[in-house]
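Visitor: I'm new to this one and would like to learn how to read it. Could you walk me through it, feature by feature?

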Amino acid sequence: MTWLAGFVSAASVALAFDPSSSSNFVVYWGQSSAGSQKSLGEYCQDSTVDAIALAFLYQFPNTKLDFSSACKSTFSGTDLLHCPDMAADIKLCQSKGKVVLLSMGGAAGSYGFSSDAEAKTYADT
């Protein structure tokens with residue numbers, strides 16, 4: 001039981017986002033068209049940031065992602081982005097209690113679900 005108390009104590013220290021607060025600070029990350037955006041990990045080091053929305057998933061259910069210059073390759077045999085640095089940064093953000101969300105939609109693209117069941121199936125993949 002002592003290990004559980006230690007875990008809960010450590011977890012509460014890492015929490016930055018407070019769902020009951022009206023003053024959480026959220027930033028939008030991933031669309032630096034000029035290539036000047038800092039890494040996601042650098043944003044997570046900022047103690048004032050509570051949550052980060054990643055931009056963005058612009059086509060679904062046929063998945064298409066766009067994180068500007070953050071991803072340099074795709075998974076072999078697919079057009080799905082492979083972003084190992086970003087994956088490591090997401091883990092860093094989470095370890096600091098930051099909420100990391102994926103922004104779905106965008107100014108252009110093809111997105112939407114034909115039913116609640118299709119949306120649930122997509123969310124479970």
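Guide: Happy to. Let's start with a loop: Pro-61 sits in the stretch between strands S2 and S3. Keep in mind that this is a predicted model.

Visitor: What is the peptide bond from Phe-60 to Pro-61 like, cis or trans?

Guide: To read that, look at the omega angle. For Phe-60 to Pro-61, omega is near 15 degrees and the bond is cis. There is also a cis bond joining Ala-55 and Phe-56, with omega at about -15 degrees. Phe-56 belongs to strand S2.

Visitor: Which residues is Ser-110 in contact with, once its neighbours within four places in sequence are left aside?

Guide: They are Tyr-58, Gln-59 and Phe-60. Ser-110 itself lies in strand S7, residues 110-111. Take the pair Ser-110 and Phe-60: they are 50 residues apart in sequence, yet 6.8 Å apart in space from C-alpha to C-alpha. As for its surface, Ser-110 has 46% relative accessibility, so we call it partly exposed.

Visitor: Let me step back to the whole chain. How many helices and strands does it have?

Guide: Four helices and seven strands.

Visitor: Which residues make up the largest nonpolar core here?

Guide: There are twelve, and among them are Val-27, Trp-29, Leu-40, Val-49, Ile-52, Leu-54, Phe-67 and Met-86. Four cysteines belong to this core too: Cys-44, Cys-71, Cys-83 and Cys-93. The elements that give two or more residues to the core are strand S1 (26-29), helix H2 (40-44), strand S2 (51-60) and helix H3.

Visitor: Those cysteines make me curious. How many disulfides does the structure hold?

Guide: First the general idea: a disulfide is a covalent bond between the sulfur atoms of two cysteines. This structure holds two of them. One joins Cys-44 to Cys-93, with 1.5 Å from S to S. Cys-44 lies in helix H2 and Cys-93 in helix H3, so this pair ties together parts that are 49 residues apart in sequence. Both of these cysteines are buried.

Visitor: What else does Cys-93 touch, apart from its neighbours within four places in sequence?

Guide: Besides Cys-44, Cys-93 is in contact with Leu-40, Ile-52, Lys-98 and Val-100.

Visitor: And which cysteines does the other disulfide join?

Guide: That one joins Cys-71 to Cys-83, with 1.9 Å from S to S. Cys-71 is in the loop between strand S3 (64-65) and strand S4 (73-74), while Cys-83 is in the loop between S5 and H3, so the pair ties together parts that are twelve residues apart in sequence. Cys-71 has 12% relative accessibility, so it counts as buried. Cys-83, at 14%, counts as buried too.

Visitor: Is the disulfide of Cys-44 and Cys-93 right-handed or left-handed?

Guide: For that you read the torsion about the S-S bond. For Cys-44 and Cys-93 it is about 70 degrees, so the disulfide is right-handed. For Cys-71 and Cys-83 the torsion is about 105 degrees, so that disulfide is right-handed as well. If you count the bonded cysteines along the chain, the pattern is 1-4, 2-3.

Visitor: Where is Ser-68?

Guide: Ser-68 is in the loop between S3 and S4. Its phi is near 55 degrees, a positive value in a residue other than glycine. With a relative accessible area of 29%, Ser-68 is partly exposed.

Visitor: Last one: which residues line the largest pocket?

Guide: The lining includes Leu-54, Leu-65, Phe-67, Phe-75, His-82, Cys-83, Met-86 and Leu-102. The pocket has a volume of about 260 Å³. By class, its lining has eleven nonpolar residues, one polar and no charged ones. Strand S5 (81-82) and helix H3 (84-95) each supply at least two lining residues, and H3 gives the most, with three.

How values were computed: Residues numbered from 1 in each chain as written. Predicted model: local features only at pLDDT ≥ 70, side-chain atom pairs only at ≥ 80, totals over all residues. Heavy atoms only, no water. 1 Å grid on protein atoms, 1.4 Å probe; cavity = no way out; pocket = protein on both sides within 12 Å on 5 of 7 lines; lining within 4 Å. Points joined across faces, edges and corners; volume = space filled by probe spheres on them. Nonpolar A, V, L, I, M, F, W, Y, C, P; charged D, E, K, R; others polar. Core = buried A, V, L, I, M, F, W, Y, C linked by side-chain atoms within 4.5 Å. Buried < 20%, exposed > 50% of the residue type's maximum accessible area, 1.4 Å probe, protein only. Contact = heavy atoms within 4.5 Å. Disulfide = S-S within 2.5 Å.
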